[in-house]
Amino acid sequence: MDRRDFLRTGGALVAGVSGALSLPALSSCTSQEAQSATVLSGKKWGMVVDLTRCREGCTACMDACRTENNVAYHGDKRWDIHWIRRATLEPKEESAGLEEKSLLLMCNQCDDPPCAQVCPVQATYKREDGIVMVDHHRCIGCRYCMIACPYNARFFNFKENPEWPNPEYPRRSHGVAESCHFCAHLLDGGGRPACVEACEATGARALIFGNLQDPASEVAQLVAGGSAKRLREDWGTKPKVYYLGL
Amino acid sequence: MAMDVEFAKIEGRSVPYLTSVGVLAALAVGGFAATLIMHEHGLYLSGMTNRVPWGLQIAMAIFYIGLSAGSLVVSGLYGVFGRMEYKPFARIAAYLAMLFLIAGLLSILTDQGRVDRVFTKPFTYVNATSMFSINPALYSGHIMICVLYLWALFKEKGTLTKITSLVVVIWAIGTHTGTGAIFAFVPRELYNSALLPPSFVAAALSSGAALMILVLVTLFKATGRHLDDHLIIWMGRRLLSIFLVVTFYVLLIENAHRAYLAASHEAGMFFLFGGIHSFMFWIGLICVGCVIPAILLFIKRTGTSVRWTVFASTLVVVGVLFERFLIVVPGLVHPPELLPGWEVTDAALWEGVVGYSISYLEVLQTLGVIGVIGFMFMVGLRIMPLAPKEARAAAGA
């Protein structure tokens with residue numbers, strides 16, 4: 001019995017008290033997931049961020065993401081939502097040869113996602129292809145996922161989004177959480193994430209996306225190369241976003 | 001020989017009674033209005049942000065849950081340990097425990113982004129690995145057991161009282177452990193600690209016992225009924241003081257462990273010496289909430305005075321309020337170390353060490369919850385025989 005199963009079993013025993021009241025409804029929620037499992041199996045989407053190719057001052061990926069997914073921007077750091085963001089890092093102690101780094105941060109699409117583990121209504125869940133999704137119609141806005149995400153990659157709609165540039169992508173009300181989902185809606189239609197497309201259009205090719213389970217894919221080969229690192233692997237969250245030049 | 005305790009409703013016609021009921025009702029209405037406004041326009045009207053997504057309401061929720069431990073203390077004395085002289089307090093303790101659990105649930109409820117979905121989704125999509133799924137079950141179960149226990153007390157059903165009070169004690173430990181686990185079981189440096197649930201239980205017992213002392217002394221004084229000093233002094237010196245020592249001990253180990261290990265040293269030092277929250281910790285929690293009241297209770301001259309016991313209890317309640325805030329906020333204010341040895345200096349998101357300031361609407365919500373349970377308490381005293389006519393240490397012995 002691994003840690004996950006242990007928590008599941010232990011939790012199930014306790015939650016059973018309230019769960020017993022809602023058994024009929026409980027059984028209905030799994031069929032939907034089972035259906036998508038067959039379509040999505042055999043894939044494990046992952047991304048490699050090549051920081052050596054990422055251009056300083058370029059915002060193409062971030063802009064494309066914001067437009068594609070209707071990500072809210074209020075011009076206030078407290079409530080702005082960023083599915084992908086740039087951060088500048090400096091060494092905490094002076095050390096020869098260490099200069100500041102520029103890093104792209106996004107949802108790490110953990111294979112062991114703490115956000116999904118804590119979501120009380122299973123609004124955040126991991127698909128069969130490894131993508132961590134948020135169901136905006138189910139989220140109750142408790143923000144426990146934001147507490148649990150050690151990467152601060154999850155965001156909450158504190159305010160009504162002022163702009164909805166993409167009519168194709170669903171709107172969501174204020175009061176629900178969200179984060180990057182590798183543009184799952186585009187993937188399902190055979191496309192690629194908007195940030196990856198945008199980065200490629202600039203010629204930088206700093207974002208490489210693909211199926212980690214396909215040994216022939218570029219991402220799989222870059223990861224197999226051994227120099228790709230993940231953020232805080234010691235946390236045991238098993239991110240599927242890798243960095244080159246970190 | 002079983003002691004006969006007479007219980008009686010309070011008159012409830014005095015000006016102070018009616019005034020306080022009116023004020024509490026007004027607070028409840030204010031809290032309701034604040035919640036409506038916030039959920040119409042969005043939670044940005046609170047002081048919370050994408051970096052500090054939990055604030056006052058969650059801190060208050062766990063504070064109330066902790067206070068409900070008062071029932072554990074008192075019901076345990078009479079029901080489990082058979083101390084008959086504490087029977088007079090059993091009903092009021094059970095009723096208060098129920099109210100505090102309701103307050104905890106109300107605080108969490110009004111803090112949700114989509115309050116409208118709270119009554120359906122958590123029941124239809126239970127996630128057994130979520131402490132937020134497990135805890136509402138624990139809290140509601142606790143409330144139901146309290147109701148049953150209260151009923152057993154009202155009907156003077158001896159066996160059922162014994163069973164339910166034992167179940168309440170065991171269940172309460174589960175409730176408080178579960179509440180601590182909301183924080184302890186997530187991978188954040190200042191949250192992730194196996195000692196958090198036990199320290200939560202210890203602080204819960206301290207604040208619960210302290211609040212019971214305050215409520216009992218105030219209630220007996222206000223109704224002019226007789227309360228034997230020994231009962232209160234024993235609770236202060238033999239219960240509260242021990243709980244305080246345990247709380248202090250667990251807090252000491254938890255923080256020493258965090259500050260000692262290289263992996264968590266920086267976060268540990270941030271908590272202890274890194275900002276305004278450190279003042280809350282040292283002054284509010286350690287001095288005011290633990291050390292000073294413990295000393296007051298241990299010294300014979302002050303510890304055997306009801307007046308000083310009440311003072312010490314007040315300090316404990318305030319101290320534990322700080323402790324609850326310290327569980328929630330510093331762990332969020334402190335930035336995660338995404339790349340060990342590096343710090344974020346510039347970003348789109350508010351990175352690094354951030355602040356949290358409470359908004360007036362959050363304060364109104366908090367006062368509203370106090371209004372609701374305060375109102376229920378006052379009305380309960382009038383419509384149910386909750387309070388004893390007198391409480392004597394030697395009676396029936």
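In this predicted model, helix α8 of chain B, residues 158–184, packs against helix α9 of chain B, residues 196–223, at an angle of about 130° and with 8 Å between the two axes. That angle makes α8(B) oblique to α9(B), because an angle counts as roughly antiparallel when it is over 145 degrees and as roughly perpendicular from 65 to 115. The crossing of α8(B) and α9(B) is right-handed.

On the α8(B) side, the residues that meet α9(B) are Ile173(B), His176(B), Thr177(B), Thr179(B), Gly180(B), Ala181(B), Phe183(B) and Ala184(B). Their counterparts in α9(B) are Leu196(B), Pro197(B), Phe200(B), Val201(B) and Ala204(B). Sorted by class, this contact holds 9 nonpolar and 4 polar residues, and no charged ones.

The loop between α7 (131–154) and α8 of chain B contains Glu156(B). The phi angle of Glu156(B) is near 55°, which is a positive value in a residue other than glycine. Is this residue buried or exposed? Glu156(B) counts as exposed, because it has 12 C-beta neighbours inside 10 Å and the limit for exposed is 12 or fewer.

The remaining topic is how the two chains meet. In chain A, 58 residues are in contact with 49 residues of chain B. The elements of chain A that each supply at least two residues to the side touching chain B are α1 (3–19), α2 (23–40), β2 (84–91), α4 (114–118), α5 (144–148) and β6 (155–156). The one that gives the most is α1(A), with 9 residues. By class, the residues on this side of chain A are 33 nonpolar, 12 polar and 13 charged.

Strand pairing also links the chains. β2(A) is joined by 5 bridges to strand β3 of chain B, residues 342–347, and the two strands run antiparallel. Within this pairing, Ala87(A) has Ala347(B) of β3(B) as its bridge partner.

Methods
Residues are numbered from 1 along each chain as its sequence is written. Chains are lettered from A and ligands numbered from 1 in the order in which they are written. This is a predicted model: local features need pLDDT of at least 70, side-chain atom pairs count only at pLDDT 80 or more; totals for chains, interfaces and linings use all residues. Two residues are in contact if their C-beta atoms, placed from the backbone, lie within 7 Å. Helices (H or I, at least four residues) and strands (E, at least two) are DSSP runs, numbered from the N terminus. Ala, Val, Leu, Ile, Met, Phe, Trp, Tyr, Cys and Pro count as nonpolar, Asp, Glu, Lys and Arg as charged, and the others, Gly among them, as polar. Two strands pair if DSSP finds at least two bridges between them. Axes are lines fitted to C-alpha atoms, for helices over the stretch in contact, and angles run from 0 to 180 degrees between N-to-C directions. Angles under 35 degrees count as roughly parallel, over 145 as roughly antiparallel, 65 to 115 as roughly perpendicular and the rest as oblique. A crossing is left-handed if the near helix is turned anticlockwise from the far one by less than a right angle, and right-handed if clockwise. A residue is buried if 20 or more other C-beta atoms lie within 10 Å of its own, exposed if 12 or fewer, and partly exposed in between; C-beta atoms are placed from the backbone.
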